[in-house]
Amino acid sequence: MNIVLLGAPGAGKGTQAKLLVEAYKIPHISTGDIFRAALSEGTPLGLEAKKYMDAGELVPDQLVIDLMDERLSQEDTAPGFILDGFPRTAAQAVALDEALHASGRVIDVALSIDVDPEVIVKRLSSRRTCADCGRITNVDEGEVCVVCGGKLEQRADDNEATIRNRLSVYAQQTEPLISYYQAKDILVAIDGDRPVETVWADVKAACER
Ligand code: AP5
């Protein structure tokens with residue numbers, strides 16, 4: 001099962017991706033997570049990506065496309081994968097199709113998780129991530145992860161001005177991909193402004209249709 005997760009920043013892509021990993025035992029490939037890991041290791045990729053991420057802008061297409069060509073050529077993606085945050089532009093979507101075609105694969109389903117932008121601003125302003133186990137939660141949990149005891153951190157791009165720019169970049173550059181996948185008849189729209197378990201039931205049903 002090869003899955004693309006579309007949806008604005010904060011729509012719940014990462015949250016649903018983790019549930020998909022548990023259900024299907026296939027890798028979750030998040031370009032944002034790859035860039036943040038590279039940054040915490042201080043690699044040239046991480047430092048380059050940071051310039052764009054801090055402003056809520058997109059990292060240049062060619063850099064992302066090369067990175068994902070390499071990642072999707074790895075053996076663990078053969079049984080399937082969950083793409084979270086990629087593709088984000090028309091050029092990335094076309095490059096993805098070409099790379100998959102070259103290895104006899106296609107995207108099976110593209111899920112668009114839809115949430116009102118003002119709900120998103122509230123969600124992201126209060127989001128916290130565990131520095132140790134990576135669990136996504138929110139500010140109500142305090143400063144320590146209830147699962148592993150790790151430190152709960154706020155992402156650098158989760159401040160209101162940057163969130164609003166990310167939403168505007170999404171509307172201009174990524175939302176058109178909904179039509180791209182609709183034209184291939186693999187797009188399923190999901191209302192993401194419901195409890196996580198309710199959204200998950202629809203995500204799972206869409207993957208099993
Ligand atoms: P990335 O890391 O991909 O961030 P994003 O797309 O902005 O998405 P988020 O991770 O913020 O949100 P999410 O949809 O995963 O929501 P989550 O599940 O965490 O990208 C960051 C940056 O990297 C980009 O701005 C860009 O610079 C660069 N980049 C990445 N990919 C790129 C690409 N392909 N090309 C170019 N540049 C790229 O949930 C959010 C919050 O809501 C959490 O607190 C969660 O607990 C809560 N929540 C989730 N679901 C629900 C629900 N149903 N009800 C209530 N709360 C919920």
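## Overall size

With 209 residues, a compact globule would come out near 17 Å in radius of gyration, and the protein's 16 Å agrees with that; the radius is taken over C-alpha atoms, and the globule rule is 2.2 Å times the number of residues to the power 0.38. The C-alpha trace spans about 45 × 40 × 35 Å along the principal axes. There are nine helices and eight strands, where helices (H or I, at least four residues) and strands (E, at least two) are DSSP runs numbered from the N terminus.

A word on the ground rules: this is a predicted model, so local features need pLDDT of at least 70 and side-chain atom pairs count only at pLDDT 80 or more, while totals for chains, interfaces and linings use all residues. Residues are numbered from 1 along each chain as its sequence is written, and side-chain values use heavy atoms, with hydrogens and water left out.

Strand β5 (residues 127–130) is joined to β6 by three bridges, and the two run antiparallel. Within that pairing, R127 sits opposite N138 in β6.

Of its 13 lining residues, A8, V115, P117, Y170 and E175 are the closest to the centre. Two or more lining residues come from each of β4 (109–114), α6 (117–126) and α7 (160–174), and α7 gives the most, with four. By class, the lining holds nine nonpolar, one polar and three charged residues.

For the terms, everything is done on a 1 Å grid over the protein atoms alone: a cavity is a set of points where a 1.4 Å probe fits but cannot get out, a pocket is an open set with protein on both sides within 12 Å along at least five of seven lines, and lining residues have an atom within 4 Å of a point. Points are joined across faces, edges and corners, and a volume is the space filled by probe spheres set on them. Ala, Val, Leu, Ile, Met, Phe, Trp, Tyr, Cys and Pro count as nonpolar, Asp, Glu, Lys and Arg as charged, and the others, Gly among them, as polar.

## Two cavities

The count comes to two cavities of 30 Å³ or more. The largest holds about 50 Å³ of space, with L5, L6, G7, K13, G85, P87, R88, Y170 and T174 around it. The lining splits into four nonpolar, three polar and two charged residues.

The second largest cavity has a volume of about 30 Å³ and is lined by I65, M68, D69, L72, F86, A95, L96 and A99. Helices α4 (61–72) and α5 (90–102) are the elements giving two or more residues here, with α4 giving the most, at four. This lining has seven nonpolar, no polar and one charged residues.

Technical notes: Pairing = 2+ DSSP bridges.
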